[in-house]
Amino acid sequence: MIAAFRNGERIEALSLDSRAAHYGDGTFTTMRVHAGRIAFWPAHRQRLRDACLVLHLAEPAWSEVEAVLARECATHPSSVFKLALVPRAGARGYARAWPSDCDVYLFVHDAPVIDPSLYRDGLGLETRRVEFVSDREAGIKTLSRLDQVLMASEMPAHGVLACDRDGFVLGGQSGNVFALFGTTWATPPTGRGVIAGVMRSTLLQSPPPGFSVRVQAMHRDALDHADAVILCNAVRGVMPVRRIDARVLRSHAGVAAWMHTFHPELGLPEA
């Protein structure tokens with residue numbers, strides 16, 4: 001990590017009474033900074049606003065938040081920001097004021113070095129049945145990410161396609177999934193462990209010419225008939241899936257079209 005800030009002031013550590021450390025209480029979004037600007041900032045801000053409503057957090061002064069972000073974008077024009085809203089600490093215990101005022105944390109990281117072959121050759125995924133311990137119907141992203149930590153520690157050698165106990169597709173370890181059937185891209189509804197990702201919402205609003213998008217539940221078996229599959233998030237963009245278990249998928253123009261539309265803003269390579 002390059003630097004960390006609380007309410008615009010540089011810090012070296014979280015306070016010992018932080019509700020983020022004790023309970024995973026709060027929300028966050030992770031943003032890619034390219035050429036000195038945050039990609040999809042309005043969508044990231046809306047994600048945080050939606051989470052504030054569900055978690056009963058008082059929204060911060062966005063003009064002040066944006067001033068800090070602009071300052072750090074100028075200092076770190078190619079980086080990754082993690083912006084977190086954490087309820088202010090009070091007495092010991094789970095209870096807090098509803099709504100709670102929050103502190104705004106900004107964590108600045110180096111942009112990951114991504115091998116261009118990821119977008120050319122794609123990902124290999126293994127199906128895994130999961131039971132998410134933290135499950136919110138709104139699909140918000142809380143600071144408690146134990147499910148993803150366990151997924152990464154148990155299957156470090158390859159990607160994960162998470163499905164629920166009935167076999168319905170949820171997503172990847174750190175990304176939403178879309179599957180193409182003919183000219184329609186489909187993605188699972190939020191909730192039950194499916195996060196309303198910023199890249200997901202962007203793709204839902206802007207299908208490539210000649211394609212449509214819809215939200216629908218998908219059983220794992222349906223992916224055996226998909227023409228293409230992708231994982232997506234706001235840092236790594238659109239990532240083609242080339243293998244799911246034993247099935248190998250071929251390249252598809254619909255994947256390349258989405259990369260061509262959104263990867264320049266993220267500063268990412270295309271297939």
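Buried here means under 20% relative accessible area, exposed over 50% and partly exposed in between, with a 1.4 Å probe and protein chains only. Strands (E, at least two residues) and helices (H or I, at least four) are DSSP runs, numbered from the N terminus.

The views come from a predicted model, in which local features need pLDDT of at least 70 and side-chain atom pairs count only at pLDDT 80 or more, while totals for chains, interfaces and linings use all residues. Residues are numbered from 1 along each chain as its sequence is written, and side-chain values use heavy atoms, leaving out hydrogens and water.

**View 1. Strand S8 beside S7.** Of the five residues in S8 (residues 159–163), four are buried. S8 runs parallel to S7 (residues 123–129), joined by five bridges; two strands pair if DSSP finds at least two bridges between them. Look for Leu 125 opposite Gly 159 of S8.

**View 2. The S8–S9 hairpin.** Three bridges pair S8 with S9 (residues 169–172) in the antiparallel sense, and Cys 163 faces Val 169 of S9 across the pairing. Five residues separate the two strands of this hairpin, and Gly 167 in the turn has a positive phi of about 90 degrees.

**View 3. The largest nonpolar core.** A nonpolar core is a set of buried Ala, Val, Leu, Ile, Met, Phe, Trp, Tyr and Cys residues joined through side-chain atoms within 4.5 Å. The largest has 38 residues, with Leu 203 and Val 229 making the most contacts inside it. Elements giving two or more residues to this core include S8, helix H6 (198–205) and strand S13 (228–233).
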